[in-house]
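Welcome! Here is a short briefing to read alongside the structure, one topic at a time.

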Amino acid sequence: MAEIQVLILGLLLGGVYALMASGLTLLFGVMRVVNLAHAAFIVLAAFCSFYLWEFAGIDPLISIVLIMPSFFVLGMVLYRVLFPRIEGTPRFTEMTVLMTFGLAFVAEGLMARFFGGIFRSASPPYARDAIILGDYYVPTGQLLASTASLVLLLGLWAFLKFTRTGYGVRATMQNRDAAQIVGVDVRRVSTISFGIGMAMAGAAGALVSFLFPFFPARHWQWIAILLSLIVLGGMGSLKGAVVGALLLAVVSSFVSHTLGPVWAPITFFGALFLILLVRPQGLFGKKARV
Amino acid sequence: MAQTDVVRTAESTPAKGRTKGTVSRWSVLTMVIVIALVLPMLRSMSSYQYVLSVGTVVFMWISMTASWNILGGYTGYISLGHNVFFAAGGYVSGLLLLELGWSPFATAIVAGVFSLLMGGVAGLITYRTHGPSFIISTIALLLVATLLMDNWAFLGGSNGLSLPLPSLSPSWVKVPFYYAMFLAAAGAVYLGHRVQHSKFGMALRAIAQDEVKAEVAGIDTRRYKLMAFALSAFFPGVVGALWGYNIAYLRPIIFLQIAIAARMVLMAIVGGRGTVAGPVIGAILVVAFDETAVDLFGGSEINLVITGALLILMLQFFPGGIIGTLRDRNRLPAWLDWD
């Protein structure tokens, strides 16, 4: 029953993709910002986690505790530096795509300059272990990473659902102008959301550091995959990102199993073009207001 | 001069900001063209080969950026995957050379037409998407192309194909490339000018401003978007054919790096999106900047940083680019107004 094994691996992978995509979809939902640099920051976090492991012996899972707050602050600073000037311009979303496109190159170039362009991967002891369950095996690293993703995503959900700021974020997602009218400080909500999005990227990067080999230019493949799956789920929808991530990770695992790992990314792009053809707003998306 | 002004008004160029200065654009254009044409004859010039190669590269970028501008500038559909057509052109002509022995100087047009048709098909994306989802689709298009080319054994996969060099003496071999690229650049800029002053161009600008209103006003937006996409793919194909032959080596990573698409976007934005002179100014400045940066710092990583930082700075402070910003402030000199 190789299929069940592939399914297990696909679901574990999907959990991590969901975390990687959560920040991206949050930013779009709250601010209509498409952050093309999101995956570049995931790679940056992976490098941080890698060096913390190599030189300080800090376990990548523990390093999340250090990386998330620093990335939260980094995100808030980036937002305040980059976005106020272009806010309110016509075609704001496109402007943010171009802007973060530039940001991705800056991040990639700096990483290549300071960390070098070679493959890296942190190797904590559990990265190569596996738990044997009857006929199947569950890689320990993947299991831990998916569990961590699940915890973080639940945390994000609880924050949005139960805190006052979370209300503000959700109100802004639903209708920015109306939220402003009823007294939500949209600027503050946006800044915090950007910080949270970046913190999620940071956490994802820490997990990526021991799951996949990475190098600075790797982020283009990831951002394309992540964008495809949030388009599938419906841009701005957190639920959509999770469903899209699980669905496509499982399908791509099967593609990888039958056609070879080289072709796995085709799943994501194929799904992207298919969903644009059939339902451009995505599975859980609302029709865009023009 | 007076006559051209009348024509310009009749063709309703956006009236914002009349131009200043007494040097007409025709004298400047003629001068630039003459210098460009005469340059390869000054063979005793110091660092002749360097000047020639930089000239070739500048023309290549002018041609690609001016083409990108038809879609990204006039129509407002920003493509981050336009180097797919650059690659297509390179491989079409390269294969014709390897299999049939036809010179890419002749088949560059074939490569262009192939890209044009490919652009027509890829343009179907615009039927379903606009804004951010269009941009995402173009990135996906680029990555699909990379994946295919990397694994297509007939085309050499990721190792690519080697091409024979043209049978000319080494000191002359770069001259035909220079002139061919010049023609491609001139063609693309002329095409941009024609688009600007046609009903077609007006329709494209209407689409860029408000697609729904354009549709309501009776513009067949689908047809125009498809045509814009196809046209904007033609010259990247031509230039790809020439460039592949010039470096005598076809490899996916040379053509399909996303940094190449980024260059087109950057150059158009530096010069000014949706203007005729913008791509020319942008290409010249960015290449000059690149050459200086490589001279000073070396290394391609710094180039990436500079590309990104320039893009951010332009968008933050001069989103209209050099031409657009000068025009908004009524300071655009007449010789720079090619619209």
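The points below go from the contact between two chains to single residues.

This is a predicted model, in which local features need pLDDT of at least 70 and side-chain atom pairs count only at pLDDT 80 or more, while totals for chains, interfaces and linings use all residues. Residues are numbered from 1 along each chain as its sequence is written, and chains are lettered from A and ligands numbered from 1 in the order in which they are written.

**Where chain A meets chain B**

- The contact draws on 35 residues of chain A and 31 residues of chain B; two residues are in contact if their C-beta atoms, placed from the backbone, lie within 7 Å.
- On the chain A side, the elements that give two or more residues are α4 (92-115), α9 (219-233) and α11 (264-278). Such helices (H or I, at least four residues) and strands (E, at least two) are DSSP runs, numbered from the N terminus.
- Helix α4(A) gives the most to this side, with 17 residues.
- By class, the side of chain A that touches chain B has 26 nonpolar, five polar and four charged residues. Here Ala, Val, Leu, Ile, Met, Phe, Trp, Tyr, Cys and Pro count as nonpolar, Asp, Glu, Lys and Arg as charged, and the others, Gly among them, as polar.

**A hairpin and a helix in chain A**

- Strands β1 (residues 130-133) and β2 (residues 136-139) of chain A pair in the antiparallel sense over four bridges; strands pair if DSSP finds at least two bridges between them.
- A:Leu133 has A:Tyr136 as its bridge partner in β2(A).
- Two residues sit between the strands of this hairpin, and A:Gly134 takes a positive phi near 60° there.
- How far apart are the end C-alpha atoms of α9(A)? They are 21 Å apart, which agrees with the 21 Å that its 15 residues should span at 1.5 Å a residue. The expected span is 1.5 Å times one less than the number of residues.
- Helix α9(A) is mostly covered, with 14 of its 15 residues buried. A residue is buried if 20 or more other C-beta atoms lie within 10 Å of its own, exposed if 12 or fewer, and partly exposed in between, with C-beta atoms placed from the backbone.
- Just after α9(A) comes A:Gly234, with a positive phi of about 105°.

**Helices in chain B**

- Helix α14 (residues 278-297) of chain B has 20 residues and reaches 27 Å from its first C-alpha to its last, close to the 28 Å expected.
- Among the buried residues of α14(B) are B:Pro279, B:Ile281 and B:Val287.
- The buried residues of α14(B) pack against α3 (48-74), α8 (174-196), α13 (258-271) and α16 (321-328) of chain B.
- After α14(B) comes B:Gly298, whose phi is positive, near 65°.
- Helix α8(B) packs with helix α11 (residues 221-247) of chain B at an angle of about 170°, their axes 10 Å apart. Axes are lines fitted to C-alpha atoms, for helices over the stretch in contact, and angles run from 0 to 180 degrees between N-to-C directions.
- Helices α8(B) and α11(B) are therefore roughly antiparallel to each other, because angles over 145 degrees count as roughly antiparallel, under 35 as roughly parallel, 65 to 115 as roughly perpendicular and the rest as oblique.
- The contact of α8(B) with α11(B) has 11 nonpolar, two polar and no charged residues.

**Two buried residues in one helix**

- A:Ser209 lies in helix α8 (residues 186-211) of chain A, and A:Gly202 is also found in helix α8 of chain A.
- A:Ser209 is buried because 32 other C-beta atoms lie within 10 Å, and A:Gly202 is buried with 28.
- Leaving aside neighbours within four places in sequence, A:Ser209 is in contact with residues including A:Phe50 and A:Ala122, and A:Gly202 with residues including A:Ile67 and A:Phe71.

- Most residues other than glycine have a negative phi.
- A:Arg32 has a positive phi of about 60° although it is not a glycine. A:Arg32 lies in the loop between α1 (2-31) and α2 (38-56) of chain A, and counts as partly exposed with 17 C-beta neighbours inside 10 Å.
- B:Ala248 has a positive phi near 60°. B:Ala248 sits in the loop between α11 and β2 (249-250) of chain B, and is partly exposed with 14 other C-beta atoms within 10 Å.
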